[in-house]
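Trainee: Before we look at anything, I would like to learn how charged side chains can be read in a model.
Mentor: Then let us open one and go through it together.

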Amino acid sequence: DTITVQELANRMAEKGADLVKALFKMGMPVTVNQTIDQDTAELLVTEFGHEIKRVSEADIDIRHDMDVDDPAKLQPRAPVVTIMGHVDHGKTSLLDALRGANVQAGEAGGITQHIGAYQVKTPDGSIVTFLDTPGHEAFTEMRARGANVTDVAILVVAADDGLKPQSIESINHAKAAGVPIIVAINKIDKEGANPQRVRERLLEHEIIVEAMGGEVQDVEVSALKKTNLDKLLDAIALQAEIMELKANPDRNAEGTVVEAKLDKGRGPVATILVRRGTLRVGDIFVCGAESGRVRALVNDQGQQVKEAGPSMPVEVLGLGGVPMAGDTLVVVDNEARAREVAAYRQEQALKKRTAQAPVSLEGMFSALADKANVIEYPVVIKGDVQGSVEAIVNALNKLSTDEIRVRVLHSGAGAITESDVTLAAATNAPIIGFNVRPNAKAREIANREKVRFMYYDVIYHLTEEVAKEMAGELGPER
Ligand code: GDP
């Protein structure tokens, strides 16, 4: 019997990083995604002061990260795309234009429904799923809730305005999530549009587009005049092909809530993005802490459908209550099981809320999945002026060793914002403020998400303290 470190952490309501650290101290350098055996798991459970409680096989079976699909059953699936970029650069216009471009007049009598996500056909006939809530805030909030649904990020940059602070934030949020970027240089119809300038500025953020000898695709578009939308869809299809996105359609469905509401006429309604399997009318499911039975499925055209496969967004009717965006829906075999799992999840959620998560020094490091033995110390850095921010980034990079290294998720001048906090929360990173403080909204989210701030006004103090923490991460025996 084995279990992944993350799974064990979830069950104990502890942070995965804390378990990795404890294992590291026990002489086992593993990442959160690796599995450990039962004896090791039991040792850890005791170490963390929890009681050992064997769970039923049925319980393991619902924990989706534990059961891996047979590679022979995997089928290609549509990419899931999020549109990001600076305010007013045309994210909403582009989302509308892309969807409109595809709805042929009179076809199937469908009416556009905003359900939180929609699908369009690319010129080569493949399908793309777009999340309807643009911006990196929604993207990172979902990620903070453990839902990594986005496969590809479209960075919209207005050609007449160029790279702006939220463009750069978007780049950093996508990078932190390891999501590939396609650049849509928008508003090329406008006087003063300078796409080349955008490509050049992107270089400063390590986004090297193909025209500049790199590998990031860029497409000049006009959401207003509907220019080159096909080219953008082609670029997405190509990116998806490279990624070889696949899922097993032939199993009990699993999906992620992208939107949920209480509808006056229809009761609780959630838009589910199916991740794998096929969701059908009549299926019994658990969704977050709610359970239910699928009464009806409604697609993005407002039409009732009988089933929804991987990457397809559908509204699900028949929920017992309103779940939260980012919650997981899992189909189970019977109602007793659904109630059991829902009760278990409710209990877990309660535990999480009541457990006063210690804001400890040990809480914030993560091991890199692909480089098993290098521990990362992630940080978000904000300062009063760009010059000091750069100096801090350089100084911190110098602290990196072969065993542990600083990973700057985002840095910039200005107050600490909500965006900084959600990014830090999603990655378990502290936020370093150099002569700056969080705004009220950021502070509120930080309290809720238990994000830690470190304030300084002398760079030397900052590096000294970070160095100490990094040494602590490696354990006392080093
Ligand atoms: P968002 O804040 O990024 O969602 O941007 P919007 O989609 O709301 O667009 C902001 C403004 O830019 C609106 O007035 C749009 O009409 C305008 N806009 C969007 N795309 C284009 C474009 O391709 N060309 C021109 N000229 N204007 C555009």
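This is a predicted model: local features need pLDDT of at least 70, side-chain atom pairs count only at pLDDT 80 or more; totals for chains, interfaces and linings use all residues.

Trainee: How many salt bridges does the structure hold?
Mentor: A salt bridge is a side-chain nitrogen of Lys or Arg within 4 Å of a carboxyl oxygen of Asp or Glu. The structure holds 22 of them.

Trainee: Which parts does the pair of aspartate 160 and lysine 190 tie together?
Mentor: In this pair the closest N and O atoms are 3.0 Å apart. Aspartate 160 lies in the loop between β7 (152–158) and α7 (165–177), and lysine 190 in the loop between β8 (181–186) and α8 (195–203), so the bridge joins parts 30 residues apart in sequence. Helices (H or I, at least four residues) and strands (E, at least two) are DSSP runs, numbered from the N terminus.

Trainee: Is aspartate 160 buried or partly exposed?
Mentor: Buried means under 20% relative accessible area, exposed over 50%, and partly exposed in between (1.4 Å probe, protein chains only). Aspartate 160, at 31%, is partly exposed, and lysine 190, at 39%, also counts as partly exposed.

Trainee: Which residue forms a salt bridge with glutamate 335?
Mentor: The partner is arginine 293, with the closest N and O atoms 3.2 Å apart.

Key
Residues are numbered from 1 along each chain as its sequence is written. Side-chain values use heavy atoms; hydrogens and water are left out.
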